[in-house]
Amino acid sequence: DGRVRAMSRIIGWAVGLSGLAYLAFSLISYANFGSVVQSNIFRNYPDDSFEMIFARLLFTLLSAFSYPLQTHPCRASLLNMISGRTRRPPTKTAYR
């Protein structure tokens, strides 16, 4: 099905771009701080700058909203394993 292939392609691009962003950030941080880079990247920067306060706020929002997205599929899988019920795969008409 073309839609499944398209979705797989979108997921591949999203994972690839995320990986590149992480790689670029880590290489730039290492180039900036050298071997004294700390494992918590926020500790390398001053605590009182506006940019770091904003970055910490964004990281807090990221953490607050990503955990519910991760726990819902985990909870659904655990409930299916415990109850022994399985859902039937959706039919083709469900995607139209």
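Reader: In which helix is the place of Phe-33?

Author: This is a predicted model, in which local features need pLDDT of at least 70 and side-chain atom pairs count only at pLDDT 80 or more, while totals for chains, interfaces and linings use all residues. Residues are numbered from 1 along each chain as its sequence is written, and side-chain values use heavy atoms, with hydrogens and water left out. Helices (H or I, at least four residues) and strands (E, at least two) are DSSP runs numbered from the N terminus. By that definition, Phe-33 has its place in helix H1.

Reader: Is Phe-33 buried, partly exposed or exposed?

Author: Buried means under 20% relative accessible area, exposed means over 50%, and partly exposed lies in between (1.4 Å probe, protein chains only). The relative accessibility of Phe-33 is 21%, so this residue counts as partly exposed.

Reader: What distance separates the C-alpha atoms of Phe-33 and Asn-44?

Author: Phe-33 and Asn-44 are 11 residues apart along the chain. Their C-alpha atoms are separated by 7.9 Å.

Reader: Which residue follows H2, and what is its phi?

Author: The 34 residues of H2 should span 50 Å, and its end C-alpha atoms are 50 Å apart, which agrees. H1 is followed by Gly-34, with a positive phi near 70 degrees. H2 is followed by Gly-84, whose phi is positive, near 80 degrees.

Reader: Which element gives the largest share of the lining of the largest pocket?

Author: On a 1 Å grid over the protein atoms alone, a cavity is a set of points where a 1.4 Å probe fits but cannot get out, whereas a pocket is an open set with protein on both sides within 12 Å along at least five of seven lines; lining residues have an atom within 4 Å of a point. The residues lining the largest pocket include Tyr-22, Phe-25, Phe-42 and Phe-59. The elements that give two or more residues to this lining are helix H1 (2-33) and helix H2 (50-83). The largest share, four residues, comes from H2.

Reader: Why is the pair of Phe-42 and Phe-59 edge-to-face?

Author: Rings of Phe, Tyr and Trp (its six-membered ring) pair if their centres lie within 6.5 Å; planes under 30 degrees apart count as stacked, over 60 as edge-to-face and the rest as tilted. By this rule there are three aromatic pairs. The ring centres of Phe-42 and Phe-59 are 5.6 Å apart and the planes stand at 75 degrees, so the pair is edge-to-face.

Reader: How many residues apart in sequence are the parts that this pair ties together?

Author: Phe-42 is buried, at 18% relative accessible area, and Phe-59 is partly exposed, at 44%. Phe-42 lies in the loop between H1 and H2 and Phe-59 in helix H2, so the parts tied together are 17 residues apart.

Reader: Which residue forms a salt bridge with Asp-47?

Author: A salt bridge is a side-chain nitrogen of Lys or Arg within 4 Å of a carboxyl oxygen of Asp or Glu. A search of the whole structure finds one. Asp-47 is exposed, with a relative accessible area of 58%. With the closest N and O atoms 3.1 Å apart, the partner of Asp-47 is Arg-56.

Technical notes. Expected span 1.5 Å × (residues − 1).
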